[in-house]
Amino acid sequence: MKLDGKNIAILIAPKGTEEPEFTKPKQAVEQAGGKVTVLSFESGKAQTVNNDLDSGGSYDIDKTFDQVSAEDFDGIVITGGTVGADKLRGNDSAVSFIKAAFAGKKSVAAICHGPWTLVEADQVKGRKLTSYPTLQTDIRNAGGNWVDQEVCVDQGLITSRNPDDLPAFCDKIVEEFCEGEHAKQAANA
């Protein structure tokens, strides 16, 4: 499958994003021919982490949320990491961008703690999704149907549990981004 001509946004926190949950999806999209824009709520560089908050790499942030519109993209990837996902869900610009992506029927992918942002954006009600296991109560309380699966797809919403699921997650995001818009995405928007 090819993503030639597709623009994909990858959301990252300035600090605390789990490194492989950023680098592996980015690599998968680029290898499939897609263009990646790294978005955050601050400009500059993002400092990632590995495992138990061990320092990871430093990566350029291409644009901030106030410099783009969800309409500029064909899909978005929401990275995980306990600290990074918590920072994203606590930022109004990030949450508004996610809501706009759903309203625009874009494919949205989230891994590990990334679904916290979906809860904050009020986009899980009536949806089937997975996440890091500690989020299951939050997802259920927000009206979502949490499942324990390597990767879960619900009409354009792609979720996975943790870095061990990255191969399946990356394959599935490329497939879903190739499919294009999903009408169901706008249901909660």
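**Cysteines and Thr82**

Me: How far is the sulfur of Cys178 from the closest cysteine sulfur?
Reply: It's 14 Å from the one in Cys170, so too far for a bond. A disulfide needs two cysteine sulfur atoms within 2.5 Å.

Me: What kind of model is this?
Reply: A predicted one: local features need pLDDT of at least 70, side-chain atom pairs count only at pLDDT 80 or more, and totals for chains, interfaces and linings use all residues. Residues are numbered from 1 along each chain as its sequence is written, and side-chain values use heavy atoms, with hydrogens and water left out.

Me: Is Cys152 buried or exposed?
Reply: Buried, since its relative accessible area is 0%. Buried means under 20%, exposed over 50%, and partly exposed in between, using a 1.4 Å probe and protein chains only. Cys178 is partly exposed because its value is 24%.

Me: New topic. Where does Thr82 lie?
Reply: In helix α2, residues 82-89. Helices are DSSP runs of H or I with at least four residues, numbered from the N terminus. Thr82 is partly exposed, at 42% relative accessibility.

Me: What is Thr82 in contact with, leaving aside neighbours within four places in sequence?
Reply: His113 and Trp116, where contact means heavy atoms within 4.5 Å.

Me: Which side chain makes a polar contact with the side chain of Thr82?
Reply: That of His113, at 3.5 Å. A polar contact is a pair of N or O atoms within 3.5 Å; within protein, one must be able to donate a hydrogen and the other to accept it, and residues adjacent in sequence count only if both atoms are side-chain atoms.

Methods. Helix = DSSP H or I, 4+ residues; strand = E, 2+ residues; numbered from the N terminus.
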